[in-house]
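Dear colleague,

Please find below the structure that I am handing over to you. My notes on it follow directly after it.

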Amino acid sequence: MIRTTLAGLRTHLRRLLATAIAVVLGVGFVAGTLIFTATARAGFFDTFARTAKNVDVSVLAGGQRLPLADLDRVRALAGVAAADGRLADSLALLDREGKPVTNFSRAGYAVSTDGDPLLRPFDVVGRVPAGDGEALLDKETAGHQHLVVGDTITVLDRAGARHPLTLVGLLDFGVSKTYSGWSVVGLPAARIAALTGATGYDEIVVRAAAGTDPGKLAGSVRPAVAKGAKVSTGDKRREQLANDATSVATQFSIILLVFGAVSLVVAVFVIYNTFAILLAQRVRETALLRCVGATRGQVFGATVLESAVVGLGGGFLGVLAGVGIAYGLFALLNGVLNAGVPAHSIVLGPAPVLAGLTLGVVVTVLAALLPAVRATRTAPLAALRDLAPLTETGRVRRIVRLAVAVLFVAAGAAVTVAGHDSADSQAGTFLVVAGGIVAFLGLLVAAPLFVGRLTAAVGVPVRWIAGTPARVAVANARRNPGRTAATTATLMIAIGLMCLCAVVLASIKATARDQLSGHYPVDYAVTGLSYEDGKRADLPPEFARSLRARPEFAGVAEVRVLDVRIDGRPARIGAVDAAALGGLITLDMTTGDAGALGTGTVIIPPGTPQPSITVTAGGRATSLRVVGTAKTTIPGSGQLAALVSWDQLTALGAGPADAVVMAKAASGVAPTASRDAIDAVARPFPLAQVNSVADLSSDLDKAVNGLIGLFAGLLGTAVVIALFGVANTLSLSVVERTRESATLRAVGLTRAQLRGTLLVEAVLMGLVGAVVGIAYGMIYGPLVVATAFRAIDPRVVVPWAWLAGLMALAALASCLAAVLPARKAASASIVAALADV
Amino acid sequence: MLPEAYEDRDSGPTTGTAALPSVGGMQTIVRPAVAVTDLTKVYGTGDTAVRALDGVSVTFAAGGFTAIMGPSGSGKSTLMHCAAGLDTVTSGTVQLFDGRGEATDLTGLGDTALTKLRRTRIGFVFQQFNLLPTLTAAQNITLPLELAGARPDPEWYATVVDVLGLRDRLGHRPNQLSGGQQQRVACARALLARPDVVFADEPTGNLDSKTGQEVLDFLRRSVAELGQTVVMVTHDPTAAAYADRVVLLADGRLVDEIARPTADSVLDRLKRLGA
């Protein structure tokens, strides 16, 4: 029996090719992700082995920086060959235009350069700064700012004052990506403290004297440093650094694995369909085996063995493909998302190989089980009968199918509604998604019941355009609803997810855009430079004053914020200056009245109704009465936990400095003129970052379109697998319909028309998949948006252009998938094909 | 009435002669529907080349019912396929004549032109019926005309459907029809366009003798009453006896022909061929 199976496999290899490709792509995606994660991890380990090289003991600051005295105490310990304090803080470097060099709108860094050269996490080209007037700069920034040793650079202290420094050398961080993309100025620790106000060290690193055990040394260091500091050996520290850095890659790979799972599910459908069709075509062969004495178990075993061999082969090729995909992921993550994953030669451990092979076999065998069971029901007599050309499903089975589908959809809908109505947005979103998956399963179960009619409906305009050949195509697409359903299911999944992503992202974009333009009809939002950990420079009130003096602007609004605790939790509240509130800025009130905002009152975001809140600032608690709810997102400062009046904010202890200054250009002033004016006003304030709303909104567009593209790309594998499925179903159908096609040709269907019928059939399948997928996405997309982003009261938007594009893509790609089967069908000789039994 | 006529002939003397008449020498009284001249068909090349047809010349008269017979591998199916424009020829010509006697050389036509010609000028009846399972009987019948973008003549359509007794079967799909009914649908499909010639390839091969006779009766009537031209490939002498002429092939050559055949005379000649 095994020999018969393998011989059969060899003969049918071509027909199993699409199945194998589906396995290869699905497994490749997963294996590629695993290989990528392992490789990225290895890369991070290498990098951090360098960052913490020669470090035997590391003392890491806990909540607060390590006091300067700690270093002296550590240096005094026995067994310490050398110890250094490391200090790094945000420090803005000015470019030749006098503007801060930023990355993602954030200022760069300063790192301390004094101490033991062996303990430095970087190499120095030149010499280390000797006095207060000297500095180092990382070589990448020096490169793009065209600076060389001997030039003068300017840095800004936190108050915005300029400090010129002479460049005496360059910093080389090697492969370390810790500061990748940011400017890094090397200065003595004391100088950094003076410029940024940072006191104490982030980390103290220790080199042990020869013969001292790092573990023991760590034990003696612990009592010498501040409480809360984390003391570990160098090896532990290196491992921990690598793990932290890998977490970015790990999160990314979890997302990837979700998409990999989608690809595998799609692959299951393709494999199932292939085996179902192959076994239907092989009924005679199977029956013959039964005639000559094969038991049902042997027939079942043969199919399972066949699928296992295909799965193993596909899994093996999938692992190989995974290596290529891992390279692609590196390019994607570093090139497109700027993630800075260190380069490393591909690590191919046993885990991805085993996982790939296992997945390949399990997925393929699982998908082939049902067809295999069906094959065992073949009666030996079927060998002698002619094949029934059309399969009619029994009434009872249709009713059972319908009942199961209704059950799934109803359960899914119930869970979805529960999620949508749930008070907790996060748990609700989870329920909506879970309900969505269950409902989708119901849809897939029901698919054979409705694809026929849907195909006919979609086919109406096609028939109108293409005439009789299209009618033949529609009839062919309808003849085997189970097969068409399984083929289009793959497209339903892929396109449904794409549509869902598109709706969610477009809605987020529209909501954000509304908040930018609707209630803040301003042209510019000026903020202070932001530093690491969300700290941000304030704008002196003189800036707003000078702006108001310019005739180019019709209105200027100041926003101040204050970090407080609301009901015990840390939060940021804000206020808009009294002159602008109600004038230039109108709050988008959900309930209540913005006019009631005054001393002792507050406006909070909608969602959690409460009569009053307690705000603690500067050790003093103030109870504020809630007079309304509104969207509290302000351009440039994000979402605020509460809005109070200008005077109330001052009373709570806010200083005279603005977080955001918004400006609206006077009517008739050209955008370039207003931009020049605001830049001129900003020139004496180097910390001011001018953002035009037009820029923000085009950045937003770019970001959202990029994300839609990314999701489309990730779902692309599923689409490609789905298209192999379409091609596969068609080519198997072509084989099955050899004599029919020949008859059509004999009675007058031209070669081109025969090709046309297959292309139309493919397009119909593509459109059916797209229509169902898009319908699903348009129901669940808005539900997800409404539940997940309830706090910001989102506006649901259907991105019609994207959906039309998806539809066209599905039709076009299916057409492409049909090209080869169509050519094969059309090139067959009529006479030979007529003789085919 | 028609079957009786056959029986009459069956009981009569065989009309064949001992000498094998050459085709070229045969006198044609009526105008031709299909004329095949010096037809050669070679499959394969070199050592494996097979001469399926070796210089066959034969004319099928318009309004005649001709049976092509011969042992397996004699080339009878190849002759039909070439004459019907389904297969290409190695050399020679195939002329199809329309109602006004104008000839079209099929060997000079491209695939698309041939396909378009087949829609209205050639009808087919196959051994396996070859109906499209997805279309109803009515849709199957009108398929060639629809492909040609033409509407069937409603009167003629009604006549064909009624003569074949398909009136109450028109909405059925092929898998809901018996073999005989399916073959009658195939006959209707072949006749609806009033083609210049109908080629029938073993039309009774998949039918029991009673339904086979019904189909043959119908083909006979379409010739006698409707003036249709029918060329039938068969290996069954009884079926051949329904024709008014039998041409015999062996090894790719025309070797004999029988005018007004009977089952006995055909069997007799076939035996002689085999010897």
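**Findings**

B:N130 is buried, as 23 other C-beta atoms lie within 10 Å of its own. A residue counts as buried if 20 or more other C-beta atoms lie within 10 Å of its own, as exposed if 12 or fewer do, and as partly exposed in between, with C-beta atoms placed from the backbone. The model is a predicted one, in which local features need pLDDT of at least 70 and side-chain atom pairs count only at pLDDT 80 or more, while totals for chains, interfaces and linings use all residues. Residues are numbered from 1 along each chain as its sequence is written, and chains are lettered from A and ligands numbered from 1 in the order in which they are written.

B:N130 is located in the loop between β6 (122-125) and α4 of chain B. Helices (H or I, at least four residues) and strands (E, at least two) are DSSP runs, numbered from the N terminus. The phi of B:N130 is near 50°, a positive value in a residue other than glycine. Most residues other than glycine have a negative phi. B:R194 likewise is not a glycine and has a positive phi, of about 45°. The loop that holds B:R194 runs between α6 (179-191) and β7 (197-201) of chain B. B:R194 is partly exposed, with 17 other C-beta atoms within 10 Å.

Strand β3 (residues 65-69) of chain B contains B:F65. This residue, B:F65, counts as buried because it has 24 C-beta neighbours inside 10 Å. Leaving aside residues up to four places away in sequence, B:F65 touches B:L219, B:R220, B:V223, B:V230, B:Y242, B:A243 and B:D244. Two residues are in contact if their C-beta atoms, placed from the backbone, lie within 7 Å. From C-alpha to C-alpha, B:F65 and B:V197 are 9.8 Å apart in space, and in sequence they are 132 residues apart.

Chain B also has an open sheet of four strands in the order β2-β1-β4-β5, with antiparallel pairing. Two strands pair if DSSP finds at least two bridges between them. The edges are taken by β2 (50-61) and β5 (103-105) of chain B, each with a single partner strand, so one side of each is left without a neighbour in the sheet. From one strand to the next, the twist averages 20°; axes are lines fitted to C-alpha atoms, for helices over the stretch in contact, and angles run from 0 to 180 degrees between N-to-C directions. Strand β4 (residues 91-97) of chain B is joined to β5(B) by three bridges, and the two run antiparallel. B:D105 in β5(B) is the residue that B:Q95 stands opposite.

Chain A has 22 helices and 26 strands. Its C-alpha trace spans about 100 × 75 × 50 Å along the principal axes. Chain A has 837 residues, of which 49% count as buried. Among contacts in chain A between residues at least 6 apart in sequence, 83% join residues at least 24 apart.

The contact between the chains takes 20 residues from chain A and 24 residues from chain B. On the side of chain B that touches chain A, α3 (111-121) and α4 (137-147) of chain B each supply at least two residues. With six residues, α3(B) gives the most to that side.

Yours sincerely
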